[in-house]
Amino acid sequence: MPFIPHTAEEVQVMLSQIGVARTEDLFDEIPQNLRAGALSSVPAGASELEMLRKLGARAALDESVVCFAGAGSYDHHIPAAVWDLTSRGEFMTAYTPYQAEASQGTLQLIYEYQSMMTALTGLDVSNASVYDGASGLAEAVLMAVRSNKKARSRTVLLPDSLHPHYAAAARNICRHQSVEFVGMALDHDGRVDLEALETDGPDEVCAVVVQQPNFFGMLEDVDALTDWAAERGGLVIAVVNPLALAVLKPPGEWGGSGADIACGEGQPLGVPMSSGGPAFGFICCRSALVRQLPGRVIGRTEDLTGKPGFTLTLQAREQHIRRGKATSNICTNQGLLVTAATIHMSLLGPVGLARIAEHCHANTRALVEALTAIDGVEARHQGPFFHERVLQLPRPADEVVAGLLERGILGGVALGAYHESMNHDLLVCATEKRTDDEIGRYAAALREVIAR
Amino acid sequence: MSDVRTIFELSAQNRGAAAQHLSERPGAMDDIPASLRRERAPGLPEVSELQVVRHYTNLSRKNFSIDTNFYPLGSCTMKYNPRGAHRAASLPGFLNRHPLAPDSASQGFMACLHELQEILKDVTGMQGVSLTPMAGAQGEFAGVAMIRAYHEARGDHARNEILVPSAAHGTNPATAAMCGYRVAEVPVNASGDVDLEALKLAVGPQTAGLMMTNPSTCGVFERGIESIAAVVHDAGGLLYYDGANLNAILGKVKPGSMGFDVLHMNLHKTFATPHGGGGPGAGPVGVGERLLPYLPVPFVAQDAKGAYRWVTDAELPDSIGRLSAYAGNAGILLRALAYALMLGREGMHRVGEYSTLNANYLARRLEDAGFELAYPDRRATHEFILTFSESARSRDVTAMDFAKRLLDYGIHSPTTYFPLLIPECFLIEPTETETKAELDAFVDALVAIQREAEADPEKVKGAPYDLPVRRLDDVKAARELDLAWRG
Amino acid sequence: MSDVPQELKYARTHEWARLEEDGTITVGISDHAQDALGDVVYVEHPEPGQPVAAGDEAGVVESVKAASDIYAPVSGSVIAVNEALDDAPETVNQDPYGDGWFFKIQPDDVAELDELLDSEAYAELCENEEH
């Protein structure tokens, strides 16, 4: 019996201790008519070998493409030590660290993680993670609405340059909390149109969301946006790529007073793309907002002999104590991925992370140069970018993506599904993993596909 | 083991793990205006690769885990997490798949999700399953949001209240509040069942639904479930199944047969995916016929030719929409599938059987050893409750003291002080993957601690002694917040 | 047995109210309440100037393992909050009827005080809760 250790003799001893004849008797409080029949959709049991053969064949179907897609999930190198350590059973098979004395490993690690995230974002505190970047934005919006008691407005501005899945998740999760989401229009270069905001924007807002780099890879004028929001009483929620923060201005330093909350997707920090999950979302904020921060938070304290130690703190905000009045219903978060990220950041340090960011930027510049050398292929936007660009193609982008796939290349994300006017637009990305050779192959393949 | 330094204290300027540093690219960022760039490098540690490996290896050794210790946390299902499932989810084709890769390059992955959807539908007796919720609490959100969408689509806007039994998990009321509902509690009677008469008085035109677990958090099967379902349905409400305790009845009872309209499962409990020190989990939702139009997207459908495709809100316009950036915690879903395939249809029901056998055996042995069960006249399910209120009253040795002392015996404590309605309690869930010998050792440890408590209560109250730290000062942690290293 | 001063009025939700000579009302939580909460680690104040109705939420008090809403015992407007609790929340435990006060209200109608429990009735309420 898979994973059940009992011998027949042991079962007999146990049943007689309980005082019943058969295991079945232990279910005598369950009405007979509720009992399940056969499970027709569950296959017969497989050995580990058979299971791996079946899933291995399926995994192989999806293999062997060179990835030039980004849009929130990036193909980075992960040092070997990261998952060797993360996969240790002591990390992987521990529960939430409620018994602090028996969980100092996890607790200290999360404290170190919180410290690293505050260093990257330039803010004061970090939680222990939320599910992902998109749901994290929803939590950040709810947090801002709770925190900004001075604002009479419930308006939260979302830029049209925000990842469309993040916008959708935020709207869906905040739907029943009377938050009014209003869009911010873009200029020709895929960035928030500051002039339009000055003339047409609301006089008062509760919060303003700013994504840096934005969905199109472009860099927003974060200082001006932060100051604009502050003048209107709004909190600023930064949606940021943590890898980019090794080289870009941290949200805590945006504008005159800094962003109030920073959130985003932690996947670039040592987590495989893995079809989009599990990765982790992060939320950092100013210390004044800490009691509205959802999720778990670890604090450093002392034991009864004065020795330093770590424990869950601020738990009274959480669902298991505060129930219907909790800051969020979140309970399980993404602890194991935080473990990977913490080890990843330790291995790379400030220099290593910045070098990766630089290579990503340089490779993307080289990619765009190589691809825009092809007739009919042009960069859609002008201006500063990080490691993604939108290319305008002479043919519908989804067709081009299909053609490139036949040549072993995942060429990017076709944007027609998100913006009607962007049917011919392709969002491309080249991380530090992409070689000059692969970029050359991409250019050659694109030439063929367009000419076809 | 006794080193308490953080990684930051091992750091020295310009040390670093050089093998992880890519070549310098001078001027690489010059095309980005200085006003958008960072002036000072972030304060991350600069340490060697060996320092990192040793530091985090040693940190891991300060944890209790399923792989190292008996971990009978009630309501958490700390069963063995098969390594084969981890191997399957770590296959390169799965790990390296980009979430937005087109369907044509994703058929293998999508076949896995579709198969898991079908298995979960069968096991729960539901008509549709969406795998996207990333944990139980997000599954709850999806479930209650669907209940709300259903009532609103019918123009029934008077329903503004969700009922929960008083023993409910804290996530239930927190979820209802996130969905804009008021929360009202229904009492549980002395034998652990929902008070049916009180429920009849509580329901009405304001009732959107009732959220409950079955087996309940009291560690007993809710015998009145069919009457409860009838009362809620007659009042026009829907019945929500919190799958936290599904392990007890896996393969034995389908929640759909009990009258539930919508549910979530905790795959990190019932389907043996690792808890990871606090996640990741996965909280798929299942629904009956009435809620099919509202399922969260995306999920996988199969066309007549056998090809798989994503169902999005373009196809399902009344969906409550997407709740995450992509398709949920895919890697966890793959582990759950691998586990389900290894159990197979004939192994699925053994989970419920043997988890129930282990719990009843442990309960009986503890009762025979003189400990007090909260519901001595009931069958235990996959878990049961002990109360230490007599010990707390007569000797001031509390459930928390017993919990901390158990750690010295190398056993992780059961869940303490939950459910809230039983004073000084342990909620104990041994799971089906533990041997009889492990259960016997747990009884021996509690008996030994009981003797210590009688002879020398201070000894138990001072525990633990043999762990990396003694009892921690939670009050100092909360009053003098130190949440990040500042050199 | 907790301390229940005779001269105060009490809400069923465990706040006390004291009518001051200047006609304002000082509010805190009872000895029984602080004892039940355990070590107080944080107090969230209402906004000064904020109008409140009797029974409205007007702050939160947190211990490590619990959090309780504070309800305004009478209607009026908040005229002062005890900011000293920000740095020394333990004062709520040490001196619940003195330096551990939470906020002051300018009442709309002092007669609302009569609707609260007197010390005898409140002591009985606490007695019943303990059993």
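1. Among contacts in chain B between residues at least 6 apart in sequence, 74% are between residues at least 24 apart. Two residues are in contact if their C-beta atoms, placed from the backbone, lie within 7 Å.

2. The model is predicted: local features need pLDDT of at least 70, side-chain atom pairs count only at pLDDT 80 or more, and totals for chains, interfaces and linings use all residues. Residues are numbered from 1 along each chain as its sequence is written, with chains lettered from A and ligands numbered from 1 in the order in which they are written.

3. Chain B contains 15 helices and 13 strands; these are DSSP runs numbered from the N terminus, helices being H or I with at least four residues and strands E with at least two. Its radius of gyration is 25 Å, close to the 23 Å from the globule rule for 487 residues, so chain B is as compact as a globular protein of that length. The radius is taken over C-alpha atoms, and the rule is 2.2 Å times the number of residues to the power 0.38. Along the principal axes, the C-alpha atoms of chain B fill a box of roughly 75 × 70 × 45 Å.

4. Of the 487 residues in chain B, 62% are buried (20 or more other C-beta atoms within 10 Å of the residue's own, with C-beta atoms placed from the backbone). Asp474(B) is buried, having 21 other C-beta atoms within 10 Å. Asp474(B) lies in helix H15 (residues 474–479) of chain B. Leaving aside neighbours within four places in sequence, Asp474(B) is in contact with Thr311(A) and Val64(C). The C-alpha atom of Asp474(B) is separated by 50 Å from that of Arg309(B), 165 residues away along the chain.

5. Four residues of chain C are in contact with four residues of chain B. On the chain C side there are three nonpolar, no polar and one charged residues. Here Ala, Val, Leu, Ile, Met, Phe, Trp, Tyr, Cys and Pro count as nonpolar, Asp, Glu, Lys and Arg as charged, and the others, Gly among them, as polar.

6. In chain A, the axes of helix H11 (residues 335–372) and helix H13 (residues 436–451) come within 9 Å and cross at roughly 25°. H11(A) and H13(A) are therefore roughly parallel to each other (angles under 35 degrees). Ala366(A), Leu367(A), Ala370(A) and Leu371(A) in H11(A) meet residues of H13(A) including Ile439(A), Gly440(A) and Leu446(A).

Conventions. Axes are lines fitted to C-alpha atoms, for helices over the stretch in contact, and angles run from 0 to 180 degrees between N-to-C directions. Angles under 35 degrees count as roughly parallel, over 145 as roughly antiparallel, 65 to 115 as roughly perpendicular and the rest as oblique. A residue is buried if 20 or more other C-beta atoms lie within 10 Å of its own, exposed if 12 or fewer, and partly exposed in between; C-beta atoms are placed from the backbone.
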